[in-house]
Amino acid sequence: MNQDIEKLIVQDKKKGLSDKDIGGKYGVTLKAIERIVTREFGVNISNAANHLLPSPKKTVKTITPKGFALEETTVWSFKSRGSWATHNGNYRGNWSPYIPRNVILRYSKEHDLVVDCFCGAGTTGVECKLLNRNFIGIDINSVAIELATENTNFDVSGASADTKTELRVGDARDLGGIDDATVDLVCAHPPYADIIRYTHDNEGDLSGCDVARFLDEIEKVARESYRIVKHNGHCAILIGDMRKNKNVVPLGFRTIERYLAAGFVLKELVIKRQHNCKTTGFWYSNSVKYNFLLLAHEYLAIFEKRKKGARGGKEGAVSAPDSSNPYQGWKLTGEVNTLESTTVWIFNEKDWQRDVTLNLTKRYSSGHYVFFGKDAQDKPETELTETDLIIAISGDNMDELTSVAKKTLSAGGILAIVCEDVRRGDGLLVPTAMKIEQRLRGNNTLEIKELIVVSIENARKSNDGGSIEITHKYILIYRKTT
Ligand SMILES: C[S@@+](CC[C@H](N)C(=O)[O-])C[C@H]1O[C@@H](n2cnc3c(N)ncnc32)[C@H](O)[C@@H]1O
């Protein structure tokens, strides 16, 4: 890009112009603006007008956001990102404070020690201060640490703080300085590989890594997190998927796998809905025309460090949504006028199977579809005819399912697997969709195309303060390549 234009863009940023306006003015992409901003200001921020001007210590009156209630189900959705205390959305890619607030309240108590090793502009630190937890925040970028210092520089009106906030530049892959088994909770939000760049040329910045390298590096972070967490302590991370060539890259599941490989067990797998996804107009028509879904969710995985030998419990089988008669109600009755265009489908408890079927058949089939188990699986091989969509409710029969899919799907045909996570007797979670994705990875004829979440509205809610109620299901969409 022309250097004069770059200078003008920097000037406009300093005046507080939005990226969208700058993009329109100079005909440049948002990615290009992001690159100029991170290089010029040393940090990825949306508003550079008052960037790092010294500001006086604030006094915060609002400790709890209005109407706040602890989340009780596995689908979390916050209409606004939250702007109580010193929270603001200026640091690109920062997380909604509702997320650390929920995690901190559920998995720590007052005076506990919480660590965020991807601390960014300090959202978790602000929540720890408001909720009276000790906090250590670490980030690879010194400018992010300056922002975090500013954001956590407040007093709480009428309260005398007896907890500490410590912020420092460091690398999440090496948490030297924090002793083994001394932390109650790690609560962190890593980059999603290279989707958003946080620094211009910082070697240790994991947002500079492609997927394969990111996964290897995040495993080092997972091992360090495991080391510092106390036995029976917790670690929560928020991570999203990516899209490459119209196919999803299941970065979320693959990251979770690395944390499990580091020794953690999985306690909860929560879906965080994203609200900035366009579901109308241009995006809707492109979603239909080019047959892809807009990514509209992230995964909040909550891990536990169990005492050695205390992992116990039986692994649950990969489970179907309804074991009594799984295909009852899975009929095409009715019509769907507007197709779902994002990865989160919100249906009510009574009609979700019908709405799933209608969406799948309308989007992926020209009329030749079968339900695995009802039509395909039970027929002798000689009677199997070619189809362009198989809808399967996963069970323990993945080998048979993939074999039927290979035989009967036409080239480009779709295998849709509907499943849900399962709670084991010992309270841990069996991540069914993740296990299916793991099992089919590397399959030479089926490639993953979409990872859809079906959120069931009006689902039963638990108030027991223990486990979170599982109220979502998944649909894994595979495309037959040859
Ligand atoms: C998604 S942002 C976190 C935002 C934060 N939750 C907030 O609300 O401000 C990811 C952060 O990870 C930091 N980061 C990248 N690589 C890192 C590493 N190796 N060690 C520590 N921090 C790193 C980036 O600088 C960035 O601030």
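This is a predicted model: local features need pLDDT of at least 70, side-chain atom pairs count only at pLDDT 80 or more; totals for chains, interfaces and linings use all residues.
1. Let me start with asparagine 132, which is buried at a relative accessible area of 16%. The cut-off for that label is under 20%, so the residue qualifies at 16%. Asparagine 132 sits in the loop that links H5 to strand S4 (134-139).

2. Is alanine 193 buried or exposed? Alanine 193 counts as buried, because its relative accessibility is 0%.

3. Staying with H5 for a moment, have a look at threonine 124. Helix H5 covers residues 123-130, and threonine 124 is part of it. With a relative accessible area of 1%, threonine 124 is buried. Which side chain does threonine 124 meet in a polar contact of 2.7 Å? The partner is aspartate 116, and the contact joins the two side chains.

4. Now to the ligand, which deserves a careful look on your screen. The shell around the ligand holds 24 residues, and the closest are Tyr91, Thr123, Asp139, Ala172 and Leu206. Sorted by class, that shell consists of 12 nonpolar, 9 polar and 3 charged residues. The space that the ligand takes up is the largest cavity.

5. At alanine 121, a backbone N or O atom lies 2.9 Å from an oxygen atom of the ligand. At leucine 206, a polar backbone atom is 2.9 Å from a ligand nitrogen. Histidine 189 takes part through its side chain, where a polar atom lies 3.3 Å from a nitrogen atom of the ligand. How much of the ligand's own accessible area does the protein cover? The cover is 100% of the 600 Å² that the ligand has on its own.

6. Helix H8 is another element I would point out. Why can helix H8 (residues 251-261) be called largely enclosed by the rest of the structure? The reason is that 8 of its 11 residues are buried. The buried residues are Leu251, Gly252, Phe253, Arg254, Thr255, Ile256, Glu257 and Tyr259, so the list includes Arg254 and Glu257, which count as charged. After H8 comes glycine 263, with a positive phi near 125°.

7. Two loop residues give a view of the outside. Lysine 109 lies in the loop between helix H4 (98-107) and strand S3 (113-116), and it is exposed, with a relative accessible area of 55%. The C-alpha atom of lysine 109 is 8.9 Å from that of aspartate 184, although 75 residues separate the two along the chain.

8. The other loop residue is glycine 158, found between strand S5 (154-156) and strand S6 (165-169). Glycine 158 is exposed as well; its relative accessible area is 88%, and exposed means over 50%.

9. Finally, a point on strand S12, which spans residues 297-304 and includes histidine 297. Histidine 297 is buried, its relative accessible area being 3%.

Key:
Residues are numbered from 1 along each chain as its sequence is written. Side-chain values use heavy atoms; hydrogens and water are left out. A residue is near a molecule or strand if one of its heavy atoms lies within 4 Å of it. A polar contact is a pair of N or O atoms within 3.5 Å; within protein, one must be able to donate a hydrogen and the other to accept it, and residues adjacent in sequence count only if both atoms are side-chain atoms. Accessible areas come from the Shrake-Rupley method with a 1.4 Å probe; for residues, only the protein chains shown count as cover. On a 1 Å grid over the protein atoms alone, a cavity is a set of points where a 1.4 Å probe fits but cannot get out, and a pocket is an open set with protein on both sides within 12 Å along at least five of seven lines; lining residues have an atom within 4 Å of a point. A molecule sits in a cavity or pocket if more than half of its atoms lie within 2 Å of its grid points. Helices (H or I, at least four residues) and strands (E, at least two) are DSSP runs, numbered from the N terminus. Buried means under 20% relative accessible area, exposed over 50%, partly exposed in between (1.4 Å probe, protein chains only).
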